[in-house]
Amino acid sequence: MVTQTPTDPADTPIGPTTLAELKELAGRYPQARSALLPMLHLVQSVQGRVTTEGIETCARILDLTEAEVSAVATFYTMYKRRPMGTHHVGVCTNTLCAVMGGDEIFERLCGHLDVGNDETTADGAITLERVECNAACDFAPVVMVNWEFFDQQTPESAIDLVERLRAGERVASPRGAQITSWREAERVLAGFEDGRVDEGPAAGEASLAGLRIAQERGWQAPSLEEDSGTGRGGETKQEAAAEADTQRAESETVAEQSPADVEGGADDD
Ligand code: FES
């Protein structure tokens, strides 16, 4: 087991192209600081983690303090301060997945890969991590590779999965795109599409079963006009939808800003 990948991410400095892309992200938002989350994903895609250089660069572009950027980078578990392997393998060990076999999958992978939680294999191929519920409980137990789902796994299927990744074989998610690498997935999360968004099936049988039952029985979600509990009785459907969009955007902005706003809320390492 090692906690460093063979390639030191410091070997990949933030060059002019990345700097331009970071500034482009900052320009996509009415308030530039809203771009911090995708900017940190872009740093990870280039450097394999959130480096000190990445923190300093984001802070400079967004006119934030390094402490504010660091607070965000250490608050969310998708941001990594240690070098990552080629692939991130997340085993859901939250309640439902755990009782359906997630704990056993995680323990077997630890033994097979000779790593512990949040550690990288000696060949730099796999970083293994326990992850929380990924809202795929109807497919429990779930394993994720670079945030693509692999449903209803067993210890044996999970070991086969990591061996195929290590061998560089073509691996595709049963509900998503072909697996590339963690860094490439991070670039997509930063907001730079790779053209794979519609690749592969978008939904699995467990999810579609609910839709099928609803259609068979004629069940429909109530319209906004029928929903008398919202207090929107005088609005048109379009006005209510626009208001809901605005409220969601505002709440997301508050959620993005809150960790950096909490002075001393997280430690840099
Ligand atoms: S508990 Fe594993 S996806 Fe929800």
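## Basis of the model

Because the structure is predicted, local features are reported only where pLDDT is at least 70 and side-chain atom pairs only at pLDDT 80 or more, while totals for chains, interfaces and linings use all residues. Residue numbers start from 1 along each chain as its sequence is written.

## Overall architecture

The protein contains nine helices and five strands; helices (H or I, at least four residues) and strands (E, at least two) are DSSP runs numbered from the N terminus. Along the sequence their order is α-α-α-α-β-α-β-β-β-β-α-α-α-α.

Of the 269 residues, 30% count as buried. A residue is buried if 20 or more other C-beta atoms lie within 10 Å of its own, exposed if 12 or fewer, and partly exposed in between, with C-beta atoms placed from the backbone. Among contacts with a separation of 6 or more, 66% join residues 24 or more positions apart; two residues are in contact if their C-beta atoms, placed from the backbone, lie within 7 Å.

## Helix α6

Helix α6 (residues 155–166) has 12 residues and spans 17 Å from its first C-alpha to its last, close to the expected 16 Å. The expected span is 1.5 Å times one less than the number of residues.

Ala 158, Leu 161, Val 162 and Leu 165 are the buried residues given for α6. They lie on the same side of the helix because they cover an arc of only 90° around the axis, the arc being that of the directions from the helix axis to the C-beta atoms. These buried residues pack against β1, α5 (95–113), β3 (126–131), β4 (143–145) and β5 (148–150). The face turned away from the buried side carries the exposed residues Glu 156 and Asp 160. After α6 comes Gly 168, with a positive phi near 75°.

## Helix α7

In α7 (residues 182–190), Trp 182, Ala 185, Glu 186, Arg 187 and Ala 190 are buried. The elements covering them include α1 (16–26), α2 (36–47) and β1 (87–92).

## The α2 and α3 pair

The axes of α2 and α3 (residues 52–62) come within 10 Å and cross at roughly 145°. Axes are lines fitted to C-alpha atoms, for helices over the stretch in contact, and angles run from 0 to 180 degrees between N-to-C directions.

In this contact, Leu 36, Met 39, Leu 40, Val 43 and Gln 47 of α2 meet Gly 54, Cys 58 and Leu 62 of α3.
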